[in-house]
Amino acid sequence: MTEHKLLPKVVPPAVATFLGFCDEVVNAKLPGARLATALVNGRLVLLLGECYIEADEEQRIDDLKHEVGHFMLGHLTRCGERNRHNFNLVCDASLSHQGINKVLETDVTFAKLPCKNGGTVPPCPPEAAYELLDTPPPLIVCGSLTHSSDDGTAASQAKAAIVGAMLIAKHPELLKSLGVHLGGTENGSGRAVPEIPPPPPWIRKVIEYLLKTTRSTDRRRSWRREHRALPDMLPGLSRGYTPVCRVLFDASGSIDKELAAQFFGALAGTPELRDSDVVVFDTTLSELIPVKETEKLAKAIADKGGGTSIKKAGLEGRISGIPTVWLTDACSGDGFAPPHDAVEVWCVSGSAPHPHGVRVQVD
Ligand SMILES: [Zn+2]
């Protein structure tokens with residue numbers, strides 16, 4: 001564990017795990033803030049704020065639990081281009097709602113956040129809550145996200161993903177209420193969207209693998225040169241369109257839809273892989289759907305599901321020279337197409353053998 005005179009000597013296991021990943025603790029005296037983090041070239045720096053420094057030991061432990069919650073749920077990376085202060089408000093409300101830290105009277109809760117449509121923001125994931133938030137009242141936020149930073153390097157992104165995944169894997173009790181309380185519609189809002197934790201290990205494995213194979217732009221250019229003359233076999237394609245990666249999603253129900261959505265989200269959230277697309281198949285193939293178009297994807301997945309022709313999907317859905325990722329149980333009604341001429345990753349649920357290429361077991 002990282003040693004620092006301002007860190008409590010005895011901390012809960014999840015906090016110890018988190019501190020173990022911190023490369024440095026800096027007494028940053030952030031004004032009006034508890035804790036923040038900085039990710040620089042894959043190094044995780046914990047920044048101590050004024051409020052933390054002034055707090056007693058018990059409150060410091062609680063502040064650390066709160067920060068662990070932000071990290072575990074990837075709040076910093078999920079903030080994107082949003083206003084940091086307002087996103088911090090809804091993330092703090094989310095953490096309060098889940099009981100990850102004890103809720104002080106001064107803490108932000110959903111009940112204190114005014115909703116654009118009147119009333120207060122219903123408990124929902126930060127992205128949705130942010131959209132609903134009306135001009136927020138002056139509330140005391142933890143200051144974490146406002147002061148946190150991420151240099152966006154691949155090393156930092158990987159570190160954030162690893163810390164988040166390790167925390168979730170080792171301390172699932174912290175997330176026990178996730179997707180249960182947050183998915184509820186007790187207030188009649190109908191917004192039953194569970195908060196999405198960082199991707200499970202198999203998704204990270206695939207992303208890392210794809211990054212490795214697509215990182216060299218030179219190689220990608222040469223693929224494009226070699227293959228630009230080949231018209232794609234699917235309709236709706238302008239000539240010369242090349243996704244970074246093609247995902248073939250078997251809609252027979254073998255892969256959990258939530259998991260698939262998480263995988264598509266992870267692809268869309270990785271800048272190098274954002275221009276990937278998806279073909280949903282059963283015995284027929286859907287149109288091409290950019291991985292970013294989540295609603296279209298969900299609809300295509302809901303529309304399909306009878307039988308599985310993996311061979312047909314392979315013959316018609318792959319693009320020469322472009323990496324292919326399969327999401328399937330590898331139980332095919334018509335066998336398999338021969339190996340592809342580029343990277344082929346088989347994300348397989350269940351125990352059926354995959355025909356060739358790289359296998360990643362979906363838990
Ligand atoms: Zn916070």
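The model is predicted, with local features needing pLDDT of at least 70 and side-chain atom pairs counting only at pLDDT 80 or more, while totals for chains, interfaces and linings use all residues. Residues are numbered from 1 along each chain as its sequence is written.

Trainee: What pLDDT does the protein average?
Mentor: pLDDT is the predictor's confidence in each residue, from 0 to 100. In this model 85% of the residues score at least 70. The average is 82.

Trainee: For which residues does pLDDT stay under 50 with 20 contacts beyond four places in sequence?
Mentor: Two residues are in contact if their C-beta atoms, placed from the backbone, lie within 7 Å. Residues 177–194 also stay under 50, but for them the model has 30 such contacts. Where pLDDT is low, the predicted coordinates should not be read in detail. The stretch with 20 contacts is residues 217–239.

Trainee: In which sense do S6 and S7 run, parallel or antiparallel?
Mentor: Two bridges join S6 (residues 277–281) to S7. Asp-277 stands opposite Pro-290 in S7. The two strands run antiparallel.

Trainee: Which residue of S8 stands opposite Val-247?
Mentor: S5 pairs with S6 in the parallel sense over five bridges, and there Val-247 stands opposite Val-278. S5 also pairs with S8 (residues 324–328) in the parallel sense, over four bridges. In S8 the residue opposite Val-247 is Val-325.

Trainee: How many residues of strand S5 are buried?
Mentor: A residue is buried if 20 or more other C-beta atoms lie within 10 Å of its own, exposed if 12 or fewer, and partly exposed in between, with C-beta atoms placed from the backbone. Arg-246, Leu-248 and Asp-250 point one way from S5, and Val-247 and Phe-249 the other way. S5 (residues 246–250) is largely enclosed by the rest of the structure, because its buried residues number five of the five.

Trainee: Which strands do the buried residues of H13 pack against?
Mentor: In H13 (residues 310–317), the residues Ile-310, Ala-313, Gly-314 and Gly-317 are buried. They cover an arc of only 100° around the axis, which puts them on the same side of H13; the arc is that of the directions from the helix axis to the C-beta atoms. The buried residues pack against S5, S6 and S8.

Note on methods. Pairing = 2+ DSSP bridges.
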